[in-house]
Amino acid sequence: MHQDGVASHAPSSSSSTASRYENQKRRDWNTFMQYLKNHRPPLALSWCSGAHVLEFLRYLDRFGKTKVHTPICPFYGYPNPPAPCPCPFRQAWGSLDALIGRLRAAFEENGGKPEANPFGTRAVRLYLREVRDLQSKARGISYEKKKRKRPSSAHQQTPSLPLPPPRPPPPGAC
């Protein structure tokens with residue numbers, strides 16, 4: 001949207017029903033706004049910084065479902081531990097990364113200036129990188145950025161179908 005509230009693209013059939021991404025973005029934004037409201041003392045969005053975003057991410061860890069082994073755990077570095085352990089549950093890095101992306105977009109859609117976006121600060125980017133590295137080491141799986149497949153390379157790898165047998169010459173041709 002432009003600052004005057006007018007959408008920058010033509011309406012589409014999806015405008016009547018919001019996409020899954022748009023619904024999730026709206027829920028995430030409402031959750032963050034509720035967090036700011038419940039903050040002690042309550043915090044206005046205009047005063048929100050990267051440090052407040054980090055507080056929010058740490059708060060969300062309370063509800064995480066990903067077991068993250070600590071370095072003193074005997075299962076640290078094992079992808080599939082053979083027994084239970086007391087290590088904490090955390091939010092998965094991928095979930096946090098996606099959440100920050102949605103909140104970063106929602107901030108600007110709700111009138112925030114890109115240069116003042118607390119979700120895009122260096123501290124938040126460094127925190128996400130740290131969480132990614134910590135979780136990959138704890139699971140014993142190194143993080144490697146996925147390489148995008150090119151459509152032409154995928155096409156070259158598909159086996160070609162055998163050619164049909166040659167047609168016999170028409171009668172009388174020689």
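Axes are here lines fitted to C-alpha atoms, for helices over the stretch in contact, and the angles between them run from 0 to 180 degrees between N-to-C directions. Helices themselves are DSSP runs (H or I, at least four residues), numbered from the N terminus. The model is predicted, with local features needing pLDDT of at least 70 and side-chain atom pairs counted only at pLDDT 80 or more, while totals for chains, interfaces and linings use all residues. Residues are numbered from 1 along each chain as its sequence is written, and side-chain values use heavy atoms, without hydrogens and water.

After H3 comes Gly111, with a positive phi near 95 degrees.

H1 and H3 pack at about 80 degrees with their axes 9 Å apart, and are therefore roughly perpendicular, a term covering 65 to 115 degrees. In this contact (heavy atoms within 4.5 Å), residues of H1 including Trp29 and Phe32 meet residues of H3 including Leu99 and Phe107.

The axes of H1 and H2 come within 11 Å and cross at roughly 105 degrees, so these helices are also roughly perpendicular to each other. Here Thr31, Phe32 and Tyr35 of H1 meet His52, Val53, Glu55, Phe56 and Tyr59 of H2.

Definitions and conventions: Helices (H or I, at least four residues) and strands (E, at least two) are DSSP runs, numbered from the N terminus. Angles under 35 degrees count as roughly parallel, over 145 as roughly antiparallel, 65 to 115 as roughly perpendicular and the rest as oblique.
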